[in-house]
Amino acid sequence: MNQTSDVRNFFKYVIPSVLSFALSGVYTIVDGFFVGNSIGDLGLSAVNMAYPIVAVIQALGTGIGMGGAIFYSIKKAEKNETEAREFTAGALWLLILSSGILTVGISFLNGRLLGMLGAREELLLLGEEYIAVIAIGAALQVIGTGLVPFIRNHGGSFYAMVSMIAGFITNMVLDYVFVWVLEQGVAGASWATIIGQGVTMVIALVYLLRKKQFTLEIPVSKIGKVWGTVVRTGIAPFGLAMSPNISLIIINRFSMSYGGEAAIAVYACIAYVSCILDLILQGVGDGSQPLISQCYGEKNRDGLRSVRRLAYSFALALSVFGCAVLFLTRGGLGVLFGASGQVNGEIAKIMPIFLLPVPFAAFLRVTTANFYATEKSGYSYILTFTEPVFMLVLMLVLPPLLGGQVMIWWSAVCARVLAAVIAMVLKMCVDRREMSL
């Protein structure tokens, strides 16, 4: 295959993946936009506080789906059709069972979970209202997000994007109807979210059924082994999807102590847009995963190196472009979400700090995806959870010593840069080992 064909094939997978991940981030922005402009700073903060719970639901689906889809691709490349279908069936059963457990668990622990995230008084009441509905539709979100990696690994990247677009449009239209027209507040926003995810799930199911790739048939004797493999591999993509939200939890908790609700509202707006950038970069990594896993299964080292180079270059280009757009529009972000003038002014001042480590995040995300796509789960675990650990340590040390809330922001930046340095060291070790083989 020539270089032009390689590039064309790469973008055939990656562009739809990037757009799909970007839309999954816009889901939250849409909720924040309608709720913020309807209720104000308090509603914006409530959705921001509650979002990590939503993120766990979606990340669980992504982790299980990716864990199964990666081994589907590897077994397919090894010409082992039977095991490939067993990984599809095992992952689908895991998605179904985990969605039921989440629905029950979140419904019973709603208030306690929000309290652990730092929600108090009015924030807690609004957050409970939002999450009560989200819990009802947990299955739609888990199964919907879990099916998308399978569609992508079956060669349906464009169709996966279509399913996400359909869900997003549904969510946006229903947000307008429920939140603005019917004035149902945060509960209306959550109904719009789960119905939109339901549309994505239905369209994804139709694709797999039409391609005769939907199967729940797996020997009982194989379930334990398949589930163990899916979970081990899926921990990294789960953690990668959760990483911005773990950071969100940590920043919200410390900001409540140093800057109060105003600081949380500032970070809510910044988190909405920076989360989209993170998801776009994850889209590059996960979009290149089917090609990386295929080359790995075929033992095609030249192809593997080619895909990696394209992924790093494209992720870096997107990170620079995204930073430029957010820097130029930083003065109007708060207005977009209905934030107060004071909060909007702080956003414009703080946003450049959060843009500094984005190119480092591009390298980190692609490297992590490359590791879990090639069965190097241990390295991917390290990179997935290094950033929040660094962040927690730095926030315990820097704000008390050097200046309160502003050091909360700088702790987040330094943690991301340090995590990228670790990624570079691990990549160099792996590259050196591969060269010696």
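Start by selecting V343, N344, I347, I350, M351, I353, F354 and L355: these are the buried residues of helix 12. You are looking at a predicted model, so each stop here describes a prediction.

Now widen the selection to the whole of helix 12, residues 341-355. How far apart are the end C-alpha atoms of this helix? They are 22 Å apart. At 1.5 Å a residue, the 15 residues should span 21 Å, so the two values agree. Next, click on K349, where helix 12 bends by about 35°. Then look for the proline P352, which follows within four residues of that bend.

While a helix is on screen, here is a handy tip: an α-helix has 3.6 residues a turn, so residues three or four places apart point the same way.

Move on to F21, which you will find in helix 1, residues 3-39. Is F21 buried or exposed? F21 counts as buried because its relative accessibility is 11%, and the cut-off for buried is under 20%. Show its neighbours next: leaving aside residues up to four places away in sequence, F21 touches R152, L279, I280, Q282, G283 and D286. F21 and I276 are 255 residues apart in sequence, yet 7.7 Å apart in space, C-alpha to C-alpha.

For the last stop, select G228 in helix 8, residues 220-258. With a relative accessible area of 24%, G228 is partly exposed. Which distance separates G228 from G90 in space? Draw a line between their C-alpha atoms and you get 9.9 Å, although the two are 138 residues apart in sequence.

Definitions and conventions
Residues are numbered from 1 along each chain as its sequence is written. This is a predicted model: local features need pLDDT of at least 70, side-chain atom pairs count only at pLDDT 80 or more; totals for chains, interfaces and linings use all residues. Side-chain values use heavy atoms; hydrogens and water are left out. Helices (H or I, at least four residues) and strands (E, at least two) are DSSP runs, numbered from the N terminus. The expected span of a helix is 1.5 Å times one less than its number of residues. The bend at a residue is the angle between axes fitted to the seven residues ending there and the seven starting there. Buried means under 20% relative accessible area, exposed over 50%, partly exposed in between (1.4 Å probe, protein chains only). Contact means heavy atoms within 4.5 Å.
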